[in-house]
Amino acid sequence: MLETGVVLSLAGIPLYWHMPTTRTASSLPDSATLWEVIWHHREIVSGFAHSHPGRGLPGPSFEDVTSFAAIEDALGRRLEWPILSVNAMVCCRFAGPHRLDYRRTVVTHEPAWTHELRLRSYPHFEEVLL
Amino acid sequence: MNMPIQIHEARVNITWQGQNGDLPDPVSFDATDGDVLQWVTEAVRAGDVPGIHADRRAVFRDFVVDRYPANDARPFNLIQVRPKTPFGG
């Protein structure tokens with residue numbers, strides 16, 4: 001498994017697949033390119049989704065929420081932060097009142113792009129579906 | 001208007017709250033990340049960055065400092081202050 005990300009538009013369309021060569025099974029490294037993509041699309045970006053290893057409901061790490069907050073500080077607006085596991089999806093949104101207070105909501109009707117995100121994240125995902 | 005930038009200096013570009021601007025004065029290209037973030041924080045809080053409204057609550061705690069040497073297209077060193085973007089872990 002390799003963590004993978006995708007920048008999403010307000011229409012729910014993937015704008016950029018984030019697959020740096022230094023990604024691992026448990027991390028996406030800091031990337032100036034990812035920030036440049038988000039900034040370039042700042043008028044139409046709705047959020048950034050990424051995959052986590054394993055099954056079950058994923059939760060954001062401290063690294064995740066501090067990146068959520070920093071990117072929102074730079075953009076000047078809130079985004080949505082979906083996280084996927086092999087078989088589940090949640091969406092994190094700022095809930096306040098504190099800077100790192102993000103609430104996780106379970107998503108039961110997954111958007112179409114989630115299939116491709118899993119294909120790009122889990123090498124044997126098609127076999128898992130069988 | 002920005003000051004002339006010497007070979008050992010850099011322009012500092014900042015993105016904050018959907019706005020982008022440069023520090024009015026160049027800084028040493030090898031200034032520490034901590035110093036750069038401190039100067040940027042003070043400048044944004046004071047409203048000293050053209051293009052960025054004063055924000056007394058500005059905090060660059062989870063921002064990183066990228067350094068780009070001068071090249072043919074940009075004949076001066078550039079320091080960019082941007083949000084960190086790692087995930088997972």
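Which residue of S6(B) does A:Leu28 stand opposite? Keep that in mind as you read these notes on a predicted model.

1. Let's start with the answer. A:Leu28 faces B:Phe87, a residue in S6(B). This pair sits where strand S3 of chain A, residues 27–28, is joined to S6(B) by two bridges, and the two strands run antiparallel.

2. Now look at how the chains touch. On one side there are 16 residues of chain B, and they are in contact with 28 residues of chain A. Four strands of chain B each give two or more residues to its side of this contact: S1 (9–16), S4 (63–68), S5 (77–83) and S6 (87–88). The largest share, three residues, comes from S4(B). Sorted by class, the side of chain B that touches chain A has six nonpolar, six polar and four charged residues.

3. What about the overall form of chain A? Its C-alpha trace spans about 45 × 30 × 25 Å along the principal axes. A compact globule with 130 residues would have a radius of gyration near 14 Å, and chain A has 14 Å, so the two agree.

4. Finally, a look inside chain A. Of its 130 residues, 32% are buried. Take the contacts in chain A between residues at least 6 apart in sequence: 58% of these join residues at least 24 apart.

Definitions and conventions. Residues numbered from 1 in each chain as written. Chains lettered and ligands numbered in written order. Predicted model: local features only at pLDDT ≥ 70, side-chain atom pairs only at ≥ 80, totals over all residues. Contact = placed C-beta atoms within 7 Å. Nonpolar A, V, L, I, M, F, W, Y, C, P; charged D, E, K, R; others polar. Pairing = 2+ DSSP bridges. Rg over C-alpha atoms; globule rule 2.2 N^0.38 Å. Buried ≥ 20, exposed ≤ 12 C-beta atoms within 10 Å, placed from the backbone.
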